[in-house]
Amino acid sequence: MFRMPNVRRPVILGAGLSLIILIGAAAFAARQAANAAEPLEGNRLSATDVRILVRAAASCPTLTPARLAGQVMVASNFDDQPVPEMRDGGAVGVAALTPEQWQKYAPSPDAVPTDREDAITALAHAMCQLVGQSRALNIEEDPWRVALAAHRLGIDQVIAAGAVPESAADYVETVDRYAAWYALQPAFGGLPASPPASAGYPTGDPVVLVPEVYLPQIVTAGKRCPELPPARIAAQIMVTSGFDPNRLGPAGEQGIAQFLPGVWRTHADVAPRRTPWEPAVAIAALGRAMCKLIDQAGGEYGPALAAFTRGDRAAQTPLVEAVKKAQTEYAKDPRLQLPKPPASKPAPSSPAAKPTGGNTTKVRDNQPPVKAAQADGSGRSYGPYFILNLRTKLCVDIPGTGAGKRDGPVNQFTCAKNTEDNQEWSFVPRAKDSQGYQLYWIRNVDDGFCIDPPGVGTVANETQLNTTGCFDQDNQYFRLEPKRSSGGFQYYWLRNTVTDMCLEVPGSGTGGPEARLQFVPCLANDDHDWALVERSEW
């Protein structure tokens, strides 16, 4: 017979990290919505454990952080080793994985079963695979509960029983009850006992210099709408999280941008496996979410901030005032300034003759510099731009409409001129070469990944391109080589400096939508010419 583990109450890392237990009618409604099982109170969790659970549970749609938390609670009470009832088969670690399970589901070759994050991630991978197998059995039961039984006893015993075996029923029920309780907690999407107040944020903290590592993302996010310039983005992050990417707020706010779980689901507009604990992803999502909320609030920042931090339109005067104060300071930081638009010229007194030929370009001062003023990255990024191919009239694109996946493909596709997509890219200065060219990362605005050839050195002709994390000691540097102008735009070759090859569309024709981009030696009169176009220029 499986016994429920003894619940202990560990000391939490700061009072602001404790999760609030729901009471009254709101708690009853949330409980019914969260899970039909009677909630069983589990241990409160640290910010680190919440971060690990949220990331691991993103492995597949069926898992949730609450379900994974319930399973770990039964396995170990969130201690470093399993409870006595879960040590059979040589199970070790916070997730109580046996050597056989670890060998099959370890998240990386250098992972260890006693590492907290490795173990919980491996458990998530195991459960995702078992959920898929359980669906195929067509058992009239929640596939997650069937997968729990399979995890405890093995899939063969579940197949033989044609249901959740009786010997696993206590384990499945206990995990389900803990999961029901965790689903009520604010960090996992439950409603707090009272609306979050601005007092929970570090509004009294002194305004600090924006960390260099977050500057490109903040500047890019601050270009989405005029009501949310980079200085305001920086101020909101400063006031709500103090630039702490691991902060768990008092009402379940997560990460550097302090997204409530419900606001993340509704407004972040990211790929399913991305989480608010990833700073580059969260800052880009903050720009999208706040601009959307500002638009819904009729262009007013205060109500939009209230909707973001509370999930409603209630007034948040102290928080708005704290952001305003910080924004005043950040407005003095030249690194957070957007380039001023060119001054409009007076209309000519008489109609001007239209230019002949296609080599006349508009006066544009929004392009990245070709030659570098300094050797290292200045912290400023240029863009965001659509990267438009002269011959195909298509734009550099990541499949889908949200954030891409690490090591996913880079394609071309119809330019999303008037819709939200993932086709906007920033050019981030990193170094200069021996000829004085500025070298750039080409980084996607939505997910923070950079265009990357496989490996770290030169590659073969016609090597296809990916996006992945941005690295300096790699082969991700590009330089801009102006080649021609057409339709008012300057077109460049995008030459990779390590491979000495250019970004191009396969073949010498248009390639068509969804053609995967590649590297080839740079050639004139091919499809190597790309323009950098801001959304306002279409």
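## A pair across two strands

Which residue in β13 is the bridge partner of Leu503? The partner is Phe519. Keep in mind as you explore that this is a predicted model.

Strand β12 (residues 501-504) runs antiparallel to β11 (residues 489-496), and two bridges join them. On its other pairing, β12 is joined by three bridges to β13 (residues 518-520), again in an antiparallel arrangement.

## The turn between β11 and β12

Follow the chain from β11 to β12 and you will trace a hairpin with four residues between the strands. Asp500 lies in this turn and has a positive phi of about 55 degrees. Look also for Asn496, which stands opposite Met501 in β12.

## Asp433 in its loop

Next, visit the loop between β5 (425-432) and β6 (438-444), where you will find Asp433. Is Asp433 buried or exposed? Its relative accessible area is 18%, so Asp433 counts as buried, the limit being under 20%.

The side chain of Asp433 makes a polar contact with the side chain of Arg479, at 2.8 Å. Beyond its neighbours within four places in sequence, Asp433 is in contact with Arg479 and also with Leu439.

## The nonpolar cores

The largest nonpolar core holds 59 residues, and Leu63, Leu68, Tyr182 and Phe188 have the most contacts inside it. Several helices each supply at least two of its residues, including α2 (47-57), α3 (65-76) and α8 (166-183). The largest share, ten residues, comes from α5.

Another core, of 47 residues, lies apart from this one; Tyr214, Ala235, Ala257 and Leu286 are among its members.

Technical notes
Residues numbered from 1 in each chain as written. Predicted model: local features only at pLDDT ≥ 70, side-chain atom pairs only at ≥ 80, totals over all residues. Heavy atoms only, no water. Buried < 20%, exposed > 50% of the residue type's maximum accessible area, 1.4 Å probe, protein only. Polar contact = N/O pair within 3.5 Å; in protein donor to acceptor, adjacent residues only side chain to side chain. Contact = heavy atoms within 4.5 Å. Pairing = 2+ DSSP bridges. Core = buried A, V, L, I, M, F, W, Y, C linked by side-chain atoms within 4.5 Å.
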